[in-house]
Amino acid sequence: MSTATEARTVPATSQLATFWLDGDLYGVEVEHVQEVLRSQSITRVPLAPPAVAGLINLRGQVVTAIELRERLSRPARPEGEQPVVIVVRLHGEAVSLLVDSIADVVDVDVRDFEARRTRSTVRPAS
Amino acid sequence: MEGLDDIVEEFLVESHENLDQLDQDLVALEQDPRSRDRLSSIFRTIHTIKGTSGFLAFNRLEEVAHVGENLLSRLRDGALELTPVRTDALLHMVDTIRALLAAIEASGGEGSVVVADTVATLSAVLEDAPAPVAVPEPEAAPAVAEVPAEVPAEEPVEALAAPAKPAPAKRAAAKKAPAKKAAPKTPRVTKAAAPAVPKPAPVPAAEMVPAAPPAPAPAVDVPKEVPMEVPVAEAPALPPTAAELVPEPGEERAGAQPGRRAVADSTIRVDVDLLDALMLLVGELVLTRNQIVQYVGRQTDQDLVRASQRLNLIASELQEGVMKTRMQPIDHIWSKLPRVVRDLGLQCGKSVRLEMEGRETELDKTLLEAVKDPLTHLVRNSVDHGVEPTAVRTAAGKPAEGVLTLRARHESGQVVVEVADDGAGIDPVKIGAKAVERGLLTPDALSRMSPADILQLVFLPGFSTAAAVTNVSGRGVGMDVVKTNIESIGGTIEVESVPGRGTCTRLRIPLTLAIVPALTIECAGDRYAIPQISLQELVALDAEKAAAAVEEVGGASVYRLRGELLPLVHLADVLGLPSDRHDGHVVIAVLRSEGRRFGLVVDRVINTEEIVVKAVGGQMKAIGLYSGATVLGDGAVALILDVQALARRALRAETAERQEARVAASVTIAVQERQRMLLAAIGGGRRVAIPLDTVTRLEQVRSETVERVGSREVVQYRGAILPIVRLDRHLGAFGETDRETLEVIVYADHGRSVAIVVEEILDIVDGEASVHSDIDDLGLLGSAVIGDRVTELLDVRAAILAADPAFYTTAPAAFPSPDAFDVDGLGSTAPLMEV
């Protein structure tokens, strides 16, 4: 509450859905997460940007799957390891993120946030 | 006329709707008597009813509406104020109009509905002093007295053409009588109402007064007179303006009104969003149906199979039904065009007649909207640039009046719309020259194109500047935009033209966007969908045939499909994936794009199915190969190939490659270039090799169609006269002369074509012949050993000149200088150059 003046868009505590990617823990704001799926068949899209893993059939809706390992410049997922699909909804459009595995939903106090240091990760300080 | 009935019916539906709106408006108006908008809207409604009823000769209806309109116009202009009495009179009028409409609907005529009292009431309030309060009884009488004075004053204008002069008088009389009747009624009701209201304040009393009159049928005995006055003089002046009639969409409609009857109940306005939602659901249903049908196909349970068959059937019918709800006749957008043509014709000083065929052809509303602008553009283009000025037309021996024809029809699940004019047409030679000049094409590439292909160049973006248009043929302003628009809805466009005779632009539009029939194919292990709209045929070649029929020309493969060279595009190559077809079989989907055909080589064809087009994200669209995605019967996602983009991408790349190759060859003549040669027998056991890239087309011509012009032989070919050279005679061989069909190699350049007749087309071979010799003869450039046989290399230029001495003189600029030919016979590479 005390920080409300500072950043109106960020509530005092925010809930993050966390997941593992190449041994690191990441989080996305929970209100963007629509659902989490396992073992989806993915249709590859030739000539698409490398981060696009392909298309997923989400109950009749065709959703683009983004390989986060590629997007975050991590090594490719080892053979035989099935990714977990996190479907997020942004600006009304659903996009699915491929991650290694899903972890807990955590409450994070806004005051614990630190300015990001790396290119594209927001790590909750624990 | 096919339907006065239709007109009446439409009028009824429209009027019923408008009256419902009117009820609400009038009531709302009481709350806010100064709302000009509402008054204007009410006025328009009544005005329209008046106009249409006059037109349809419903005189009583017209009369009521007329008086109502008078009142409304005064209210609108602020000359009168809206009092409850007047509101009531108006509501009464609405009721009367309803009753009349009901009678018209039931019997086709106005029946015995009495209008006199309504007219009187309206006239009365019209004459009313501006006193906004209750209508005191005494005033009712004077009102009646004034009626005759007022009515004739207006009437003459309306009844100018009426043959019977006494009409106004009669009408006045008719009005007078009921007015008198009505007047006494008022006090009665007032009295009845008075006791109910303990403190009869003037205003509520006034409200009560009008509430009652509509209810009891006033037994008036004058109506006999009414039908006798016939002045329909006003009728033609007032066709209803459609725009004004359309009520606000999404307006809440009250439940069933007592006045509404069969006709009105048989149609209903539905929110387009709702239909869209329904369409989506039906799409999902179709997909689920596909899945179930596929699944049940593997089952043996008879009941399940039967149930799934019924599901199949019902889903199809449902799909069809929902699609129909979105269908509208193309006339909706055509109806504006006569005006466009007329105005533009006047502006350009041309006389153009617009003819329409198939205006009832229906297509999806969304598509209709999308086609509107491109179509208007095409029509404008035709009038502006297609049809010649009258003087030019008469000079050319054509009728002075140009004809622009719009045609629409359903054709194999698509709607074909044509815009055809009988104007000057487009000259492919000029178009081609322009394209070269603008750097859109090399003379080389141009020479390989057929006139039909060249015409499609008008759709190139670079062609769309005004200068190009006036200089070339007056075509092409924004044609690329038209094309883009049509393609964005999954349609195709092509243009055909006969110089001097006219131009026809043809649009092919899918019936609906949401669900399209498609061919599913497999490539590199993945499945893709190709919209059927682009698909022409499928060709499957086994390894042996494929090896013989699929040729490499300068790094690009072609297939000879019934004599025409079909450029092939390997989908796997385009996608950058390894094909998983290793047995040498070739499956070709012959596709059409922009009036050109090409063959898409795929691994295998799977099925045809109805697919539901799903939007894909922007990143996918940007790739420029996929127009969307769909979910297949088994739930897997498949990409829908964008055939136009594919063609553009693949064929352009291929052309560029070939041109590069050619440039390289011309720079270093010494370097032996791989060259495809067409091998032909010319009789007497002689074989001739002709560079394949000079060949435009292979044809067969029946010998009896060969005609003579002087000493030359010609044949009619695609609307032109094609000179023939018989290679056997040209080269002094002795071939058979009495064959029924002639094998012909057509060579075209800059709109001129010649045909070279050979005895038999043997093969297409790699021309990398190592053994060349300068042993030659007249008409030859040398000889070479190809496939263990000595083969003569044809001097194509000489052969062509033998057929058409003027062939090269018409387009000298675009042609490489003769110096490029090593006619000395030293370089057998000479024919490899562009001829």
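The structure is a predicted model. Chain B contains 27 helices and 30 strands, and 42% of its 835 residues count as buried.

**Chain B overall**

- Among the contacts in chain B with a separation of 6 or more, 69% are between residues 24 or more positions apart.

**Where chain A touches chain B**

- The contact between the chains takes 17 residues from chain A and 20 residues from chain B.
- On the side of chain A, the elements that give two or more residues are β5 (52-58) and β6 (61-67).
- The element that gives the most on this side is β5(A), with 4 residues.
- By type, the residues on the side of chain A are 9 nonpolar, 6 polar and 2 charged.

**Strand β5 of chain A and its partners**

- Of the 7 residues of β5(A), 6 are buried, so this strand is largely enclosed by the rest of the structure.
- Strand β4 (residues 42-43) of chain A runs antiparallel to β5(A) and is joined to it by 2 bridges.
- In this pairing, A:Thr43 stands opposite A:Leu55 of β5(A).
- Strands β5(A) and β6(A) are also antiparallel, with 6 bridges between them.
- Here A:Val52 stands opposite A:Ile66 of β6(A).
- A hairpin is formed by β5(A) and β6(A), with 2 residues between the strands.
- In the turn of this hairpin, A:Arg59 has a positive phi of about 45°.

**A three-stranded sheet in chain A**

- An open sheet of 3 strands has the order β2-β1-β9 in chain A, and its pairing is antiparallel.
- Its edge strands are β2 (24-29) and β9 (101-109) of chain A, each of which pairs on one side only.
- On average, neighbouring strands of this sheet are turned by 35° against each other, direction ignored.
- Strand β1 (residues 13-21) of chain A is joined to β2(A) by 6 bridges, and the two run antiparallel.
- Within this pair, A:Leu16 stands opposite A:Glu29 of β2(A).
- As background, strands of a sheet pair through backbone hydrogen bonds, either parallel or antiparallel.

**Helices α14 and α15 of chain B**

- Helix α14 (residues 337-348) and helix α15 (residues 365-386) of chain B pack at an angle of about 30°, and their axes are 9 Å apart.
- Angles under 35 degrees count as roughly parallel, and α14(B) and α15(B) are therefore roughly parallel to each other.
- The crossing of these two helices, α14(B) and α15(B), is right-handed.
- Residues of α14(B) in the contact include B:Leu337, B:Val340 and B:Val341, while those of α15(B) include B:Thr376, B:Val379 and B:Arg380.
- The residues of this contact comprise 7 nonpolar, 2 polar and 2 charged.

**Helices α15 and α21 of chain B**

- Helix α15(B) also packs with helix α21 (residues 479-488) of chain B, at an angle of about 155° and with the axes 9 Å apart.
- That angle makes α15(B) roughly antiparallel to α21(B), as angles over 145 degrees count as roughly antiparallel.
- The crossing of α15(B) and α21(B) is left-handed.
- From α15(B), the contact is made by B:Ala370, B:Asp373, B:Pro374, B:His377 and B:Leu378.
- From α21(B), B:Val482, B:Asn485 and B:Ile486 take part.
- By type, the residues of the contact of α15(B) with α21(B) are 5 nonpolar, 2 polar and 1 charged.

Notes: Residues are numbered from 1 along each chain as its sequence is written. Chains are lettered from A and ligands numbered from 1 in the order in which they are written. This is a predicted model: local features need pLDDT of at least 70, side-chain atom pairs count only at pLDDT 80 or more; totals for chains, interfaces and linings use all residues. A residue is buried if 20 or more other C-beta atoms lie within 10 Å of its own, exposed if 12 or fewer, and partly exposed in between; C-beta atoms are placed from the backbone. Two residues are in contact if their C-beta atoms, placed from the backbone, lie within 7 Å. Ala, Val, Leu, Ile, Met, Phe, Trp, Tyr, Cys and Pro count as nonpolar, Asp, Glu, Lys and Arg as charged, and the others, Gly among them, as polar. Two strands pair if DSSP finds at least two bridges between them. Axes are lines fitted to C-alpha atoms, for helices over the stretch in contact, and angles run from 0 to 180 degrees between N-to-C directions. Angles under 35 degrees count as roughly parallel, over 145 as roughly antiparallel, 65 to 115 as roughly perpendicular and the rest as oblique. A crossing is left-handed if the near helix is turned anticlockwise from the far one by less than a right angle, and right-handed if clockwise.
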